[in-house]
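Reader: I have a model open and want to go through it with you. Can you take my questions as they come?

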Amino acid sequence: MFESPLKTVKVLKSRSESHEELHEMETVLPRRSGDREKKKKKMKQQKHKREKRADSVPETCTEELPVTVSKERRTGEKCSVTRADDPIVRGIFKIEKKSCDVVLTATRLIWTQIQPETPTGEPDSHKQEEHLELREVFAVKVKKRRSIGQQMGGTLLGLTLFCCVRKGLKLKDKALHLNNMSADHCQVWFTHLKEILNGYRDRPKSLKVFVNPTSHRKEAYQLYRDDVAPLFKLADIKADVTVTQRKGHALSVLKECKLNEYDGVVVVGGDGSVAEVAHGLLLRAQMDAGRDTDSIFTPVRAALPLGVIPAGNHQAVDVCSFSSQGHLLRFGFSAMFGFGGRTLALAERHRWMPPTQRREFALVRTLAKLKPEDCEVSFLPLKQAQGTIQEPKCREPVRDIGRRASEEDEAWQTVQGLFLNISIMAIPCICSMAPRGLAPTTRLDNGSMALIAVGNASKSEFIKHLKRYSSVNNQFSFRFVETHSVQAVKLRPRFQGSWADEPSEENAEFDSKHRPIISSEGTYPWNIDGDLLEVPSELLIRVHPELITLFGVNVEETEESLIKCSCI
């Protein structure tokens, strides 16, 4: 559903010398030594005193700056800032073993390598200026050298900036080292950098984290502990972690916890965990707003952003509401009825099997007994003008689609017949099994759902349709497949005895063809974001534009992951 691969960040390797934050600058005293060799070495270094000062730049710079540096550009000198590109502080650091003139503005860190004079006595006019956007910096730390076993103190080396830079469609991490051994100099720069970074209000300071220990081959908690938690600590983010013990645990916590103490909620888990937390956030928002969930209502947006690994940006996402007989059942992103629901229901009744084995078993067994569903599908299409779909504008007010539909009944379209599978999705559902997405015609925030109705067909034709999802070919080019961009869908099953259940192990000779897969109460299995939901009658599905916000860039553009989607 949401591809969010968790990777080991390379910049953590540099934390061996950069893991102590400079809240208050401690004075770095010179080491006392009577060693004659050290004294000789010190005497030899005195003849290079001018070069040494050019590199380390003491806090009070009284000597002449190099020719290539203007006299007004004094180290640690504060400038009157009137624009975003005006310099705040200026100084000299070593970057990649080269002395550089460094300038800090409100938005950028700019540096230029200090070049020696040309033979003509003029400064080099071909100097290359480099810069780093401060929006890409998520932490600044003091860099110190410590001996083995030393926990505190150490020799000051300078500052380290930890960054996350966007290159193409990917995010790359890196660390920029600003080397300068002057304590006062580093303190001035550290203070200014921290003030700028703390000024980004959209960055979280406190997060509620839910970890599903059974996800990612039961390595989710280790993944969080080794890869995610160090990043949170590096970025000064406080994390309140809950390791879920059962299905619905995160939902119960979200109903009771004080959400005003957090800046966001993060999930480490699979599609089911993300869907449960999203439902919990939205349900809590309706409770806090006093909404009556036993009626057709206009939902309010979630109060907090939802994410897997925060990236500093926000991405609005459409959400579906699922209601039956006037009662809200849950919020979610995707739903499947027919083959998708029957396969999941069969897999859930064989939970004693390993996850991969039971999914494969259910898929093969359901295909072997493939039968269509007799149902009635009504949908409210998006407005069309001159053959093009007019998508809702971003950030428009949430609309009450149920009330609007009652006023415009003539806009609803109804189809009756036999269907092998019906999918309703508000997001593309991109994953390794479907690189183009299960619903490639929709987007995360375009205010619409994709209705994909697979009519009755032979088993071989249906298998060809399924295989198309894993290729670049169009999976909807079959004559028995219809797609629509819709705002609301009503699905009402007309006959409940078309599917046969699996025979029980206790009575293998029982004729399963006479026993339906549905329960005795007459419910129908739905696959909602990989979770089984049994609905007794008609199900109403509505899309609510941008009802929740995700941490991170547009997930549709992320690189392909090895994580498999659980929708099928």
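This is a predicted model: local features need pLDDT of at least 70, side-chain atom pairs count only at pLDDT 80 or more; totals for chains, interfaces and linings use all residues.

Reader: Which residues of helix 8 are buried?
Author: The buried residues of helix 8 are Phe339, Gly340, Gly341, Arg342, Thr343, Leu344, Ala345, Leu346 and Ala347. Buried means under 20% relative accessible area, exposed means over 50%, and partly exposed is in between, with a 1.4 Å probe and protein chains only. Helices (H or I, at least four residues) and strands (E, at least two) are DSSP runs, numbered from the N terminus.

Reader: How many helices and strands in the chain?
Author: The chain has 11 helices and 23 strands. Of its 568 residues, 48% are buried. The chain exposes about 30000 Å², with carbon and sulfur atoms supplying 49% of it; accessible areas come from the Shrake-Rupley method with a 1.4 Å probe, and for residues only the protein chains shown count as cover.

Reader: Back to residues. Where is alanine 335, and is it buried or exposed?
Author: Alanine 335 is in strand 14, residues 334-338. Alanine 335 is buried, at a relative accessible area of 0%.

Reader: What is alanine 335 in contact with?
Author: Leaving aside neighbours within four places in sequence, alanine 335 is in contact with Phe322, Ile422, Ser423, Ile424, Trp526, Asn527, Ile528 and Ile541. Contact means heavy atoms within 4.5 Å.

Reader: What share of the chain's contacts comes from residues 24 or more positions apart?
Author: Such pairs account for 71% of the contacts with a separation of 6 or more.

Reader: New topic. How do helix 6 and helix 7 cross?
Author: The axes of helix 6 (residues 249-256) and helix 7 (residues 271-288) come within 9 Å and cross at roughly 25°. Axes are lines fitted to C-alpha atoms, for helices over the stretch in contact, and angles run from 0 to 180 degrees between N-to-C directions. The two helices are therefore roughly parallel to each other; that label applies to angles under 35 degrees, with over 145 roughly antiparallel, 65 to 115 roughly perpendicular and the rest oblique.

Reader: Which residues make the contact?
Author: Helix 6 contributes His249, Ala250, Leu251, Leu254, Lys255 and Glu256, and helix 7 contributes Glu276, Val277, His279, Gly280, Leu281, Leu283, Arg284 and Met287.

Reader: Where is glutamine 325, and what is its phi?
Author: Glutamine 325 lies in the loop between strand 12 (314-324) and strand 13 (327-332). Its phi is near 55°, a positive value in a residue other than glycine. Glutamine 325 counts as exposed, at 61% relative accessibility.

Reader: And glutamate 546, buried or exposed?
Author: Glutamate 546 counts as buried, at 2% relative accessibility. Glutamate 546 is in strand 23, residues 539-551, and has a positive phi of about 50° although it is not a glycine.

How values were computed:
Residues are numbered from 1 along each chain as its sequence is written. Side-chain values use heavy atoms; hydrogens and water are left out.
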